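Keep the viewer open as you read.

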Amino acid sequence: MSGIALVTGASRGIGRAIAKRLAKDGYRVWANYGRSRDEAESLCGEIEAAGGSAIPVGFDVADGEAVRAALESLIDAEAAPDVVVSNAGITRDGLFAMTSEDEWNSVINTNLGGFYHVTKACLRGMLRRRSGRVIAISSVSGQAGNAGQVNYAASKAGLIGACKSLAKEIASRKITVNVVAPGFVETDMVKELPAEDLAKAIPLGRFGAPEEIAAAVSFLASDEAAYITGQVLGVNGGMYM
Ligand code: NAP
């Protein structure tokens, strides 16, 4: 499959690696960013310099109106994406007893609400075309739970339930919906964590690289993954089995 791939949170970290990989796979990439416009522009420059095609697309995934405004005009001008990767995510960690309503809502609205807004804005065109890939980036926290991440784990487990349900709804249109659930991956999100200590609890003994998550996304987006839907692919060094 090729065509257009929308990647949310493509400016940095895992999303950036996914955008580069899908561009290498032959997709024209719509590289969404929230705040990091310069990084998104440099990403698109790198992709174009390597012979690919990419444009930066700015919107806050948690803001439904902003998502619709940006994507509706882009879809009118080009086409609905063939691949939609919901990757944008944030953490606001802390013990549940101390979690403010704002910390709860911002994480749910970004990580889970973002999936709703972005996927919904793209889906009509994909349904009409009767093909496509929806891929959400969850987390091992959403599978196993993690103290200090009740809000984040709820959002990431929510993505798994949402994707399994959507997979059942739209399988008849030949659109697959899958989840990639990373363990610890070397990005800004985990730069404050004690990597050496944490790595001891990972069977493969190290954090993952963003490119290793991107490889899983590339596979799920490919024609070879056409018979895989409603699945959660852990890319976590064996942290959760
Ligand atoms: P990161 O380095 O902090 O990057 C987060 C990305 O999400 C940035 O590109 C950021 O864009 C974007 N983003 C955040 N809020 C946004 C919003 N409201 N609207 C649009 N974009 C927004 O994080 P990462 O480690 O790459 O994480 C990517 C995904 O993987 C997240 O969903 C995360 O939960 C998940 N994950 C990460 C790990 C890990 O160990 N790193 C493990 C499991 C799961 P701007 O800077 O442009 O705002």
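**Pockets and ligand**

Helix H1 (13-24), strand E2 (28-33), helix H4 (101-129), helix H5 (140-144) and helix H6 (150-170) each give at least two residues to the lining of the largest pocket. Helices here are DSSP runs of H or I with at least four residues, strands are runs of E with at least two, and both are numbered from the N terminus. Please note that this is a predicted model, in which local features need pLDDT of at least 70 and side-chain atom pairs count only at pLDDT 80 or more, while totals for chains, interfaces and linings use all residues. Residues are numbered from 1 along each chain as its sequence is written, and side-chain values use heavy atoms, with hydrogens and water left out.

The largest pocket has a volume of about 1,300 Å³. A pocket, on a 1 Å grid over the protein atoms alone, is an open set of points where a 1.4 Å probe fits, with protein on both sides within 12 Å along at least five of seven lines; lining residues have an atom within 4 Å of a point. The volume is the space filled by probe spheres set on the points, which are joined across faces, edges and corners. Of the 47 lining residues, Arg 12, Gly 89, Ile 90, Thr 91 and Met 189 lie nearest the centre of the largest pocket.

What sits in the largest pocket? The ligand does, in the sense that more than half of its atoms lie within 2 Å of the pocket's grid points. Around the ligand there are 31 residues, and Ser 36, Asn 87, Tyr 152, Val 185 and Thr 187 come nearest; a residue counts as near if one of its heavy atoms lies within 4 Å. H1, E2 and H6 each supply at least two residues of this shell.

Now look at the polar contacts, pairs of N or O atoms within 3.5 Å. A backbone N or O atom of Gly 34 is 2.8 Å from a ligand oxygen, and a polar backbone atom of Val 61 is 3.0 Å from a ligand nitrogen. From its side chain, Lys 156 places an N or O atom 2.8 Å from an oxygen of the ligand. The protein buries 93% of the 880 Å² that the ligand exposes when taken alone (Shrake-Rupley method, 1.4 Å probe).

The second largest pocket has a volume of about 440 Å³. Helices H3 (64-77) and H4 are the elements that give two or more residues to its lining, and H4 gives the most, with 12 residues.

Definitions and conventions: Polar contact = N/O pair within 3.5 Å; in protein donor to acceptor, adjacent residues only side chain to side chain.
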